[in-house]
Amino acid sequence: LSLTVFALIATAVMVAGFVQGTTGVGFALIVAPILALLAPDLVPVSLLMLMIPLNVYVAWREWKALDHSGATWITVGRFLGTLGGLWLLTTLAPSLLNILIGAVTILAAVATLVAPSFTPNRQVFVAAGVITGVTETATGIGGPPLALVYQHQGAAKLRSLSAFWWAN
Amino acid sequence: MSPAVLAAAGRVSASHFGAALMLVPALVAGAVVSRLTHDRVGGRPLRVFVLLFAIVSGAVLLVRN
């Protein structure tokens, strides 16, 4: 990594850490495309590593607001999805993986913007977990399904669940 | 969970770890600043910013490939 590239990546990580700490989502959405452009080797592994300390910190800070039942069902789905994501990562060529990252980023953002308000049930939690497991393992971006499920339930709930989920 | 699965599959190297480690100070700086703001920011303006950023950067990634 050249110094300029490192400085750009470090700035993105700093902004993304601020955004995730404030809203509960966004770290990977900001960092993944920048890493994929500047240092593709680091996606998704280094990105996922950085999310561990960030989310341990936020989970600790927001523990009171955690929705335990939702977290359990999402974790069940996520475990299944992780295996699917690993399969994608080992099967796809790097250039296809970058296209997948770009497409997942845009789809996730558009879905989060336009989704109507609803009350999630158990099936929705498991489905969100599966989708997250697949996309986070293959691309580093996993938060948007969670943001979709929780976006009308308050920022503290989303922050705490998002953090709990990534931290384990 | 997913870093553990990736490591078990042999997809994690020392350079991944080194790069992540070098970026931790930037991460800490961002997270510490968020402590000052997370009670005050409802999240919506920032979320719209994140989503617009994501759409633009995702599109750049698609075009570059």
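Helices here are DSSP runs of H or I with at least four residues, numbered from the N terminus.

**Whole chain.** Select chain A and colour it by pLDDT. The mean pLDDT of chain A is 81, and 92% of its residues reach 70 or more. Among the elements of chain A, helix 1 has the highest mean pLDDT, 91, while helix 8 (residues 155–167) has the lowest, 68. Where pLDDT is low, the predicted coordinates should not be read in detail.

**Helix 1.** Next, select residues 3–23 of chain A, which form helix 1. Which residues of helix 1 are buried? Among them are Val5(A), Ile9(A), Ala10(A), Ala12(A), Val13(A) and Ala16(A). The buried set also includes Gly17(A), Val19(A) and Gln20(A), as well as Gly21(A), Thr22(A) and Thr23(A).

**An aromatic pair in helix 3.** Over all chains the count comes to one aromatic pair. To see this pair, select Tyr57(A) and Trp60(A): their rings are tilted, lying 6.3 Å centre to centre with 35° between the planes. Both belong to helix 3 (residues 45–61) of chain A, and because they are three residues apart, about one helical turn separates them. Tyr57(A) has 21% relative accessibility and therefore counts as partly exposed. Trp60(A), at 63%, counts as exposed, because the cut-off for exposed is over 50%.

Terms used:
Residues numbered from 1 in each chain as written. Chains lettered and ligands numbered in written order. Predicted model: local features only at pLDDT ≥ 70, side-chain atom pairs only at ≥ 80, totals over all residues. Heavy atoms only, no water. Helix = DSSP H or I, 4+ residues; strand = E, 2+ residues; numbered from the N terminus. Expected span 1.5 Å × (residues − 1). Buried < 20%, exposed > 50% of the residue type's maximum accessible area, 1.4 Å probe, protein only. Phe/Tyr/Trp six-rings, centres within 6.5 Å; stacked < 30°, edge-to-face > 60°. pLDDT = per-residue confidence, 0-100.
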